[in-house]
Amino acid sequence: MKRLAILFHRIGPYHFARARAAGKVLKTTLIEVFKSDDVYGWSLVPGADGFDRVTLFDKDSQPPGKLIRGIQNALDACRPDVVAIPGWADTLAFGAIQWCAANKVPAIVMSESTERDERRSFWKEWIKRRILKFCAAGLVGGQPHAEYLARLGMAPGHIFLGYDAVDNGYFADKVAEIRSLMPEIKAKHNLPENYFLASARFVAKKNLFNLIRAYAQYRNSLEFGNIRQHSASFAPWSLVLLGDGPLRSDLVRLISELRLEHCVLLPGFKQYDELPLYYGWAKAFIHASTVEQWGLVVNEAMASGLPVLVSNRCGCARDLVQENVNGFTFDPGNVEQLAQLLLKLSAPDFQLSDFGIASQRIISDWSPERFANGLSQAVETALIAPRPRLGTADYLLLQLLSRT
């Protein structure tokens, strides 16, 4: 069996689940570059399960030269036949690609970039095309990501899906357990009877201000509009926002200005083992980002059996959201549109359970096993692909990028 090295910046719960699945079909070494970072507050995920694991540094603040030496020494030690690399835009990627080129080992790029992630410039796209000449295959999130990689020059037959996956079984099982508990347990955690759920870092691109404004319009429509006259049971749901970040105080201020303190809850950042509690008692999930390469929280919500409202700027929207089947997409800049969708989902006659069942059916095809199968196909393709013809300029470019 050929040996595969998978590099990740840091191992979170979903990286671990993917590596575990990969270890069942490939002889896998998981190289974790950093044990912790300042962006994600995950608890450490220790150990290994069916794969070898190497951790290089405790923290993510390392000089480029030291980082490259650590990565390349780890690859020297495990001598992989193929290396799977996350992205193409940082020192980790440049150092690993440089090692692959020097040792004539095929590289697989793991990408969740799409054409719409950000404004594209000619010179950056040119650099990406040159870097991708070093990669023999790609593993991407979904169709928009595959199309972007092909646009950058990779042969479509060398691109495979399944990169963005979470442990579906974990969420499905834990949520089923949560929903079997007595209602008093729900009250103990200060959760409202009915609520929309969102989970995100409190940063600008997550678009939480527009989400709160849309929620305010939703409540106003119910409390002061004509909808209440049609159904006395059409009571507004609450909104629970999981997460934390630099914009927390601004969000609290907006909630206060809109007089929503009684119905918008901010429980803070929650660890992996706490998430099923919030998914389990939620009625629907919302992800409103203006920029999002994928959106793994949508995977988690769907595995938990929730209907979803997902911004059409999220990379997962095209593959995971089937309109009027398991949820709806929306323009993240259109507050009124989102408010109307909140009304639609919370209507007494809306078939929430049917949408939740559809979510679980759809996400079952985007599991860690899908990641492992896509990666296995990429490995097979990379091993038989012709080695790229690289000139002196290509090597000089890669060395330059590695040191920046």
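Where is the place of Asn-324? Asn-324 sits in the loop between helix H13 (317-320) and strand S13 (327-330); helices (H or I, at least four residues) and strands (E, at least two) are DSSP runs, numbered from the N terminus. The structure is a predicted model, in which local features need pLDDT of at least 70 and side-chain atom pairs count only at pLDDT 80 or more, while totals for chains, interfaces and linings use all residues. Residues are numbered from 1 along each chain as its sequence is written, and side-chain values use heavy atoms, with hydrogens and water left out.

The overall form of the chain comes next. The protein chain contains 17 helices and 13 strands. Its C-alpha trace spans about 75 × 45 × 35 Å along the principal axes. For 404 residues, a compact globule would have a radius of gyration near 22 Å, and the protein chain agrees with this, having 22 Å. That radius is taken over C-alpha atoms, and the globule rule is 2.2 Å times the number of residues to the power 0.38. Of the 404 residues, 55% count as buried. Buried means under 20% relative accessible area, exposed means over 50%, and partly exposed lies in between (1.4 Å probe, protein chains only). Among contacts with a separation of 6 or more, 71% join residues 24 or more positions apart, a contact being heavy atoms within 4.5 Å.

The sheet may now be followed strand by strand. Strands of a sheet pair through backbone hydrogen bonds, either parallel or antiparallel. Here seven strands form an open sheet in the order S3-S2-S1-S4-S5-S6-S7, with parallel pairing; two strands pair if DSSP finds at least two bridges between them. At the edges are strand S3 (52-57) and strand S7 (159-161), each of which pairs on one side only. From one strand to the next, the twist averages 20°, where axes are lines fitted to C-alpha atoms, for helices over the stretch in contact, and angles run from 0 to 180 degrees between N-to-C directions.

Strand S1 (residues 3-8) runs parallel to S2 and is joined to S2 by six bridges. Leu-4 stands opposite Thr-28 in S2. Strand S2 (residues 27-34) is largely enclosed by the rest of the structure, because seven of its eight residues are buried. Strand S4 (residues 82-86) and strand S5 (residues 107-111) also run parallel, joined by four bridges. Pro-86 has Met-110 in S5 as its bridge partner.

Helix H16 (residues 368-384) has 17 residues, which at 1.5 Å a residue should span 24 Å; its end C-alpha atoms are 25 Å apart, which agrees. The expected span is 1.5 Å times one less than the number of residues. Buried residues of H16 include Pro-368, Phe-371 and Leu-375.

The cysteines can be considered next. A search of the whole structure finds zero disulfides, a disulfide being a pair of cysteine sulfur atoms within 2.5 Å. For Cys-78, the nearest cysteine sulfur, that of Cys-100, is 10 Å away. Cys-78 is buried, with a relative accessible area of 18%. For Cys-314, the nearest cysteine sulfur belongs to Cys-316, 5.4 Å away. Cys-314 counts as buried at 4% relative accessibility.

Finally, the backbone angles deserve attention. Most residues other than glycine have a negative phi. Asn-324, however, has a positive phi near 60°, and at 49% relative accessibility Asn-324 counts as partly exposed. Arg-259 has a positive phi of about 55° although it is not a glycine. Arg-259 lies in the loop between helix H10 (248-257) and strand S10 (264-268), and counts as exposed at 67% relative accessibility.
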